[in-house]
Amino acid sequence: MVASSINTPLDGHTVITTHINADFDAMASMLAAQKLYPHAVVVFPGSQERNLRNFFIKSMVYLFNMTDLKTLDLAAVKQLILVDTRQRNRIGKLADILSNEDLVVHVYDHHPPTDQDIQGDFELNELTGANTTLLVELIRRRKIRLSPDEATIMCLGIYEDTGSFTFPSTTSRDLEVAAYLVSQGANLNVIASLITREITPDQVGLLNDMFQAAIRHHIHGVEIVVTSVASHNYMPDFAFLVHKMVRMEDIDAIFAIARMDNKIHIVARSRIPEVNAAQILQPFGGGGHAYAAAASVKHKTLAQTEHELIDLLYTSVSPRRRATDFMSAPAISIDHAIDCERAHETLNRYSINALLVTRSDEETPRLIGYITRQVIEKALHHKLASATVGEFMTSDIATVGPDAELEEIQEKIIGNKQRILPVLENGHVRGVITRTDLLNLLVRRYNRSAKPDADEANLTVHARTRVVGKFMRERLADRILQILEDIGTTAEELDLNAYVIGGFVRDLFLYRPNEDVDIVIEGDGIAFARRYARKVGARVHTHAKFGTAVVIFPNGFKVDVASARMEYYKFPAALPTIEMSSLKLDLYRRDFSINTLCIHLNPAKFGTLIDFFSAQKDLKEKTIRVLHNLSFVEDPTRAFRAIRFEQRFGFSIGKLTANLIANAVRMDFFKRLSGKRVFTELRQILSEENPGPAVARLRDYDLLKVVHPSIELTPAMTGLFASIKRVVAWYDLLFLEESYMKWSVYFMGMIRSCDRETTREICRRFELPPRVQALFTKGRFTAERRLNSLERDLPPDNSRLYRRLAEFRIEMILFMMAAAKSERVRKAISHYCVHLRFIRPFLRGRDLKALGLPPGPRYRQILEELLDARLNGRVETREEEAVLARRLIGTA
């Protein structure tokens with residue numbers, strides 16, 4: 001948070017400074033800090049980059065309230081403002097100020113924290129691409145005016161430190177602040193002229209030396225370039241030369257060491273997570289980010305520095321992903337005695353192209369070979385369906401261990417022309433790596449610019465991951481966060497992996513409220529649910545057939561738990577058959593990519609977002625995509641869900657997905673769907689806030705005929721849906737806390753043109769409960785007649801209006817109100833709904849008995865007259881009603 005006294009001048013001097021070798025971001029941060037601390041002086045702690053010095057001399061020095069370090073009385077400084085750094089060894093002589101008594105330190109830094117950081121009385125430390133972004137956000141929030149020159153300098157700092165918004169550290173906040181500075185008059189022509197650097201002949205020579213001295217080290221499977229050069233004179237813009245070398249050679253990680261002016265300079269750049277540049281240079285007193293860092297070293301030789309650096313690389317570089325990191329598990333295998341026809345069914349069931357073959361005549365199945373789809377299909381072509389796979393399998397099979405690195409995996413798959421590579425541990429199959437897995441991994445590694453197919457969600461080898469724990473803590477309620485943490489702890493105790501999954505995670509990133517917590521357990525989900533329920537004092541309901549459970553808390557809150565599983569379909573539109581599976585296969589069975597995001601909950605990996613199917617990309621592009629081309633063949637109801645999500649989120653259905661829906665309609669896969677499943681999807685569409693556009697999309701895809709061939713989206717239906725939307729919104733704003741079936745109001749609008757027999761046919765097909773069927777087949781037609789009578793003859797008083805409407809459920813009342821042709825009738829129904837519907841006589845039968853009325857039919861007559869009197873305003877209190885009751889009894 002920002003200190004409330006941020007703009008209050010203190011007694012004595014207030015100094016703003018940054019790191020030695022200040023770049024544009026550091027300079028811009030100091031200018032921004034001066035806007036927040038107008039009484040402060042700006043002091044450079046040492047040299048600046050050449051480009052920065054030239055810029056200063058020629059133009060903008062007048063903007064700064066600057067003091068030379070040599071003339072500054074360090075002992076008199078009372079407040080120190082640090083920007084773009086917080087390390088003592090990076091502020092030169094100004095570090096002496098830190099020993100001043102009662103010194104107040106404010107820090108604004110976007111670098112990751114280290115143990116050597118200066119501790120400030122106030123700190124603003126957030127990971128943005130440029131440090132200037134943090135300060136301009138405060139300036140903007142405080143509505144401090146910026147001149148065009150000031151905006152230009154600040155925007156220049158952001159452009160430089162984000163690589164013109166191309167560095168991976170760039171955030172949306174940097175772009176938003178840059179846009180704001182342009183709106184304040186930042187001159188992009190000036191920025192472009194300063195960002196584009198000309199390389200001098202001396203720099204060309206040094207760059208050539210860097211190329212010649214480059215040595216490629218392979219450390220833990222990671223290629224790292226180390227180059228060491230020397231120059232008798234200081235060479236400015238050394239970091240720029242390193243960046244140019246990275247671009248020219250497409251280097252993943254580089255450490256460039258240069259001896260200039262009797263000092264060693266190290267510049268590091270990394271584009272891979274295995275190499276954390278800032279962490280590796282920290283022992284040299286360096287700083288920066290995981291992807292870009294620098295350090296200055298004194299009193300060491302070039303060779304000594306290089307030797308120490310390489311030692312650090314071997315201890316600090318994370319190992320490359322091992323076989324266990326991207327294998328698929330569990331492996332799908334079959335016994336050698338299984339015939340080729342059943343093996344073919346297994347391939348189709350799991351949508352794979354090769355199977356491991358085991359021998360199960362021993363205590364533990366033993367791997368003996370593999371067989372491919374091509375071999376099995378040839379066997380079937382030659383009418384060898386009953387032959388066993390053992391007769392045609394490939395028995396000469398290479399394997400790897402769980403710690404195998406990419407080079408070994410690549411050699412064995414390509415060298416042996418082997419489609420599937422088993423991962424073995426102690427003779428047991430842990431998983432498999434396919435040839436497609438390897439190809440996908442190599443493509444991502446060596447061709448980063450390659451774009452995935454624009455409309456197809458591919459089954460990727462391994463997930464894209466990022467840590468979102470901080471985001472979860474910002475977005476989720478404390479009680480939900482505590483539940484997720486407890487789930488992760490319980491799973492860890494059972495040696496299981498737990499993930500929160502599906503719509504909960506999707507809506508988290510769409511900033512939509514959703515407390516429907518769905519948990520997937522890799523392992524026995526039911527055992528986990530029972531253990532967790534005991535731990536939190538909850539009840540648990542289990543469903544062994546599906547490996548699922550529901551944990552019910554004392555306050556009624558529910559957590560759904562499922563074992564990771566996969567589904568396969570024996571024929572189009574069939575209900576799925578369930579088998580146990582891994583997380584990736586569990587996600588692959590889901591409907592759309594946006595519903596496949598999950599977050600790891602185990603303590604060591606809590607808050608790790610896992611994305612196998614480019615779901616984050618589809619959320620960003622607002623696109624609904626299926627995971628494979630047979631998705632609508634297996635489950636045609638997904639077409640309804642695609643439309644529902646499209647309209648709910650304001651997304652669009654991807655081109656391939658739209659074509660697949662059209663194919664499913666054309667091939668009539670919906671005819672095998674049970675009416676109950678169609679109704680379930682239709683009810684969810686009609687329960688949306690505004691189902692009208694979704695119904696229009698059902699029409700576009702020719703899906704209304706799946707509800708019933710007679711239903712068409714006419715202008716009348718469109719107008720009625722709009723009217724229902726207004727009526728429902730009005731009713732919800734009454735906050736009556738009365739539950740009602742909103743979907744049924746829209747459903748009556750959808751079937752309004754259907755006659756009684758067609759309505760019965762639809763209700764029977766949908767297997768609606770008798771009570772609900774009666775609402776549509778009897779109540780709706782009664783309501784239509786009543787509405788027509790109200791249009792012809794509106795009752796003159798409240799009691800007669802009440803008698804005409806009291807028999808109808810609230811759903812029917814809302815439908816009638818929406819369907820009313822005249823505003824007069826609509827207002828009358830509204831008046832009944834708000835003012836009359838809940839009115840009852842104060843007196844009851846026992847009160848009439850106490851007044852001396854003997855039991856009999858007269859009770860009902862008098863109570864109805866009392867009700868009429870209340871409705872028409874003739875009585876308003878219990879006492880007035882009692883007087884009327886005595887009079888009515890007296891005339892009995």
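This is a predicted model: local features need pLDDT of at least 70, side-chain atom pairs count only at pLDDT 80 or more; totals for chains, interfaces and linings use all residues.
Reader: Why is the protein called more spread out than a compact globule?

Author: The protein contains 37 helices and 28 strands. Its radius of gyration is 36 Å, whereas the globule rule gives 29 Å for 892 residues; the value is well over that figure, so the protein is described as more spread out than a compact globule. Along the principal axes, the C-alpha trace spans about 120 × 90 × 50 Å.

Reader: What share of the residues is buried, and what makes Ile-610 buried or exposed?

Author: Buried residues account for 52% of the 892 residues. Ile-610, which lies in strand β26 (residues 608-611), has a relative accessibility of 9%. The cut-off for a buried residue is under 20%, and Ile-610 therefore counts as buried.

Reader: How far is Ile-610 from Gly-654 in sequence and in space?

Author: The two residues are 44 positions apart in sequence, and their C-alpha atoms are 22 Å apart.

Reader: Why is the pair Lys-617 and Glu-621 called a salt bridge?

Author: The N to O distance between the two side chains is 3.3 Å. A salt bridge requires a side-chain nitrogen of Lys or Arg within 4 Å of a carboxyl oxygen of Asp or Glu, so the pair qualifies. Lys-617 and Glu-621 are four residues apart in helix α21 (residues 615-621), and are therefore separated by about one helical turn.

Reader: What makes Lys-617 and Glu-621 partly exposed?

Author: The class lies between the buried limit of 20% and the exposed limit of 50%. Lys-617, at 28% relative accessibility, falls in that class, as does Glu-621 with 41%.

Reader: How do you know that Arg-764 forms a salt bridge with Glu-757?

Author: Their closest N and O atoms are 3.5 Å apart, and the criterion is within 4 Å, so the pair is counted as a salt bridge. Arg-764 is partly exposed at 48%, and Glu-757 is partly exposed at 45%.

Reader: Which classes of accessibility do Glu-811 and Arg-809 belong to?

Author: The side chains of Glu-811 and Arg-809 meet in a salt bridge with an N to O distance of 3.1 Å. Glu-811 has a relative accessible area of 2% and is buried, whereas Arg-809, at 35%, counts as partly exposed.

Reader: What makes a group of residues one network of salt bridges?

Author: Shared partners do: salt bridges join Asp-591, Asp-635, Arg-641, Arg-644, Arg-677 and Glu-681 into one network. A search of the whole structure finds 43 salt bridges.

Notes
Residues are numbered from 1 along each chain as its sequence is written. Side-chain values use heavy atoms; hydrogens and water are left out. Helices (H or I, at least four residues) and strands (E, at least two) are DSSP runs, numbered from the N terminus. The radius of gyration is taken over C-alpha atoms; the globule rule is 2.2 Å times the number of residues to the power 0.38. Buried means under 20% relative accessible area, exposed over 50%, partly exposed in between (1.4 Å probe, protein chains only).
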